[in-house]
Amino acid sequence: MSSSSKVDPQTGKLTSPSKRITNRLFNGGAAWSPDGESIAYYSWQNDERHIVIRSAKTGEERDFLPKLTPLSDQPVWFPDGRSLLLHSYDGKLTQVDVKTGDCRVLLEGARVTPYPFHPAGYAAFDTDVIFAADGRSIYYFAAQDGPKQTRVVRFDLQDKSEKEISHFDGVGSRLALSPDGAQLVFNASLPAPDGKTEPAIVIISTSGGEPKEVCRCGNGDFFNWSKDGKRLFFT
């Protein structure tokens, strides 16, 4: 099931009880539309990952099965709120209309760079893909030469050019853009003094520069920015 509740951004405490919003059995990856009127989430049915669009006002849901298996932990809304961006196991980018479920290849020949350092240990194109503030570019992780070195990349959807924003030693996941579009935050498995790795939350500027650790957070998992961009929520 999926649930919702209100949160005090100052304290992080829930200010209303959790409320069930669906009776579907296995769900995940909830993402609010840019206007806050709808929520998109994945629902697993008969071993297939469906996309569900739910109206926040009426509770009405539209359910459709895309022609490919999406990889992102969350559906990614286009800035205009009319469609979702998905990427598949072959790295292709696809646009899905949220009203009709129609799919089309976003750019012929354009695909996400392989990122073989997935924490589960398999090589795939499995990396978060998110829009830049201008809506014409996307960000994602890509492997760099060397053992578990990661590049943070900006890809221009118009001219298909790729630009490195930053890089770090370790593995990244859960990439998210700040509300003002100036910073990226993500989970990272970073080298530890004992030769193992430690999870951390890391921020970088979208204009480039060195990554900055916010905290080494045990087994914490990044959740999202606050609406004002002053706080980060993680579990």
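What share of the contacts in the protein chain with a separation of 6 or more comes from residues 24 or more positions apart? The share is 33%, where a contact means heavy atoms within 4.5 Å.

## The model and its chain

This is a predicted model, in which local features need pLDDT of at least 70, side-chain atom pairs count only at pLDDT 80 or more, and totals for chains, interfaces and linings use all residues. Residues are numbered from 1 along each chain as its sequence is written, and side-chain values use heavy atoms, with hydrogens and water left out.

The protein chain has 20 strands and 0 helices; these are DSSP runs numbered from the N terminus, with strands (E) of at least two residues and helices (H or I) of at least four. Of its 235 residues, 41% count as buried, that is, under 20% relative accessible area, with exposed set at over 50% and partly exposed in between (1.4 Å probe, protein chains only). The accessible surface comes to about 13,000 Å², and carbon and sulfur atoms hold 49% of it (Shrake-Rupley method, 1.4 Å probe).

## Two nonpolar cores

Let's step inside. A nonpolar core here is a set of buried Ala, Val, Leu, Ile, Met, Phe, Trp, Tyr and Cys residues joined through side-chain atoms within 4.5 Å. The largest one has 17 residues, and Tyr139, Phe141, Val152, Phe168, Leu175, Leu184 and Phe186 have the most contacts inside it. Strands S12 (137-144), S14 (162-169), S15 (171-177), S16 (183-191) and S17 (197-205) each give two or more residues to this core. S16 supplies the largest share, 4 residues.

Leu175 shows the packing from one side chain's position: leaving aside residues up to four places away in sequence, Leu175 touches Asp128, Ile130, Tyr139, Tyr140, Phe141, Leu184, Val185 and Phe186. Apart from this core lies another, of 15 residues, including Leu107, Phe131, Ala142 and Val153.

## Aromatic rings

The whole structure holds 6 aromatic pairs, counted when ring centres of Phe, Tyr or Trp (its six-membered ring) lie within 6.5 Å; planes under 30 degrees apart are stacked, over 60 edge-to-face, and the rest tilted. Phe141 and Phe168 have ring centres 6.4 Å apart and planes at 80°, so they pair edge-to-face. Phe141 is in strand S12 and Phe168 in strand S14, so this pair ties together parts 27 residues apart in sequence.

Phe141 also pairs with Phe186: the centres are 5.2 Å apart and the planes at 80°, so this pair is edge-to-face. With Phe186 in strand S16 and Phe141 in S12, the pair ties together parts that are 45 residues apart in sequence. Both Phe141 and Phe186 are buried, and Phe141, Phe168 and Phe186 form one aromatic cluster.
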